[in-house]
Amino acid sequence: MRIAIAGCGQLARMLALAGWEMGHHFSFIADPGEGTDCVAGLGEVVVWDEETPFAALFEALGSPDVVTVEKEHVNVNLLEGLAEYCRVAPSPDAIRVCQHRGREKTLLQSLGIDTAPFRVVEDAPSLIAAVESVGYPAFVKSCELGYDGQNQWLLRDTAALDALADQMDALPPLVVEGAVHFDRELSLIAARSLSGEIALYPLAENRHREGILLTSEVPADNVQAATISQATEIAHTLLEHWSYVGVLSIELFDEGGKLRVNELAPRVHNSGHWSQNAGVTSQFTNHIRAITDTRPGATNPGQFAGMVNLLGRAPADELLEAADVTLHWYNKSIRSRRKVGHLNVQSADRQQLQKRLVELESALYPDGETL
Ligand code: AMP
C-alpha cells in the first residue's frame, strides 16, 4: 500500500522503516520550515500550507491508500481534507481531542476514566479560583502544544500564582491540575486494527529527567493483576469510543496500584520503543498493520526489555559492542536535550536488565549530569 505520514520526525522515520519491510511505500507531509532529516531517503516529502488544495496535495503524496500521523499537533483541517480522498487513521476526531489537554481530560472524565483533578482556565480570576480549588502544588499546563514538560508551570505558593496570573492576558487557555502523589509513571501502548482486533503491550515503567523520558522498563515490576485489569479497561474504553485505528499511547500515574491517566498520544510513543528489539511485533509494525487492516502481531515479550533515550548525545562505540544493546539513531544533528536516538536492551533476567539500564544511563549521563 501507499501510506502518507503527517510529520517528518523520528517517529515517522521508524514507522516508515517498519513499513518498508512489509512492502509499503511512504510519503511525508511537512509543515513549512519543518526539518526532514529523519525521513531523508524514505519517500517523497511534500510541504503543505493552508493554500495548497487537497486534490493537489493528495496527488503530490502519490495518491496514498491511507494517511496517518506521527504527532498529535497536526492541523485537523488537513486530515479532514485528505479524508475526502482516502482513509485517515487514527480519525481526525481522535487527533483533535488528543491535541488539547482540556478536551482530552473532559473526554476521559465523561468516559469514567480517572485523571488528576482539573479545570480549564482562560483568564486570571478563573486561574486563581482553579488553583485555590485544587490546592498547592498545582500543575498548570497550556492546553495545546506542550510536551516534554514545556509550557508548564509548577505553582508551589501564592507568589507563584500571582506571577502567573499577571501574565495570563498573554497566555493561551490553560489546564490547572491538582498534584497526583503517584508512586511511579507507567504507560500502555495499545493497538486496534481497522477490523477491530485489539492488542496491548505490557505496562512500561518510565523514568524522566528534567521532564523528558529517560528510560523505560518492560514489563513494569510488581504490578498487581487488578492494576493490569484497570489499564486494560481504560485502553478498551478509549479504543472502542473512537473505533480507533492504529496505536494509541496512554500515560498513567500509578498511585498504590490505582491508575489515573496523565495524557494520551494518538500515535506510537517513546515508551514503546523497546518493542523494536524484544522479540515481539514492534509498535511501529503494529501501527502499520492496524492501519492497513492486518491483525496485530505479538505484543508479549518472553523477556525483560528496556530503553534509554539519547538526549543531546551519541553513545560511545564501546557501549554498542555489547550483544544485548541496539542503537536506533534518528539522523538528526545533536543539540542539548534533543532526542537524537535511543538504545534498546533486553535480558532473560529482570535484575540483569535493571543493572544494564543503570550501566547504560551512567555511561551516557555521568554523575547524573544535567541535559
Ligand atoms: P506532562 O507534560 O503532562 O506529561 O507532564 C510532565 C511530567 O510532570 C509528568 O511526567 C509528571 O512527572 C509530572 N506531572 C504532570 N502532571 C502532574 C500532576 N497532576 N501531578 C503530579 N505530577 C505531574
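Biologist: Where should I start with strand pairing: how many bridges join S10 to S14?

Modeller: Count the bridges and check the direction. S10 and S14 run antiparallel and are joined by 9 bridges. Keep in mind that this is a predicted model.

Biologist: Which other strands does S10 pair with?

Modeller: Strand S12 (residues 204-209) pairs with S10 in the antiparallel sense over 3 bridges, and there Leu 186 has Glu 205 as its bridge partner. Strand S11 (residues 198-200) is also antiparallel to S10, again with 3 bridges. Ala 191 sits opposite Ala 199 in that strand. S10 and S11 make a hairpin with 5 residues between them, and Gly 196 in the turn has a positive phi of about 95 degrees.

Biologist: Is S10 (residues 184-192) enclosed or open?

Modeller: For burial, the cut-off is under 20% relative accessible area. In S10, 8 of the 9 residues are buried, so the strand is largely enclosed by the rest of the structure.

Biologist: Now the ligand. Which residues are closest?

Modeller: Of the 16 residues that surround the ligand, the closest are Lys 141, Gln 152, Glu 177, Val 180 and Glu 185. Arg 101 places a polar side-chain atom 3.0 Å from a ligand oxygen, and for Glu 263 the distance to a ligand oxygen is 3.2 Å. The protein buries 89% of the 480 Å² that the ligand exposes when taken alone.

Biologist: Why does the ligand lie between domain 2 (117-178) and domain 3 (184-368)?

Modeller: Because both domains give residues to the shell around it.

Notes
Residues numbered from 1 in each chain as written. Predicted model: local features only at pLDDT ≥ 70, side-chain atom pairs only at ≥ 80, totals over all residues. Heavy atoms only, no water. Near = heavy atom within 4 Å. Polar contact = N/O pair within 3.5 Å; in protein donor to acceptor, adjacent residues only side chain to side chain. Areas by Shrake-Rupley, 256 points an atom, 1.4 Å probe, with all protein chains shown as cover. Domains from an automatic or database assignment. Buried < 20%, exposed > 50% of the residue type's maximum accessible area, 1.4 Å probe, protein only. Helix = DSSP H or I, 4+ residues; strand = E, 2+ residues; numbered from the N terminus. Pairing = 2+ DSSP bridges.
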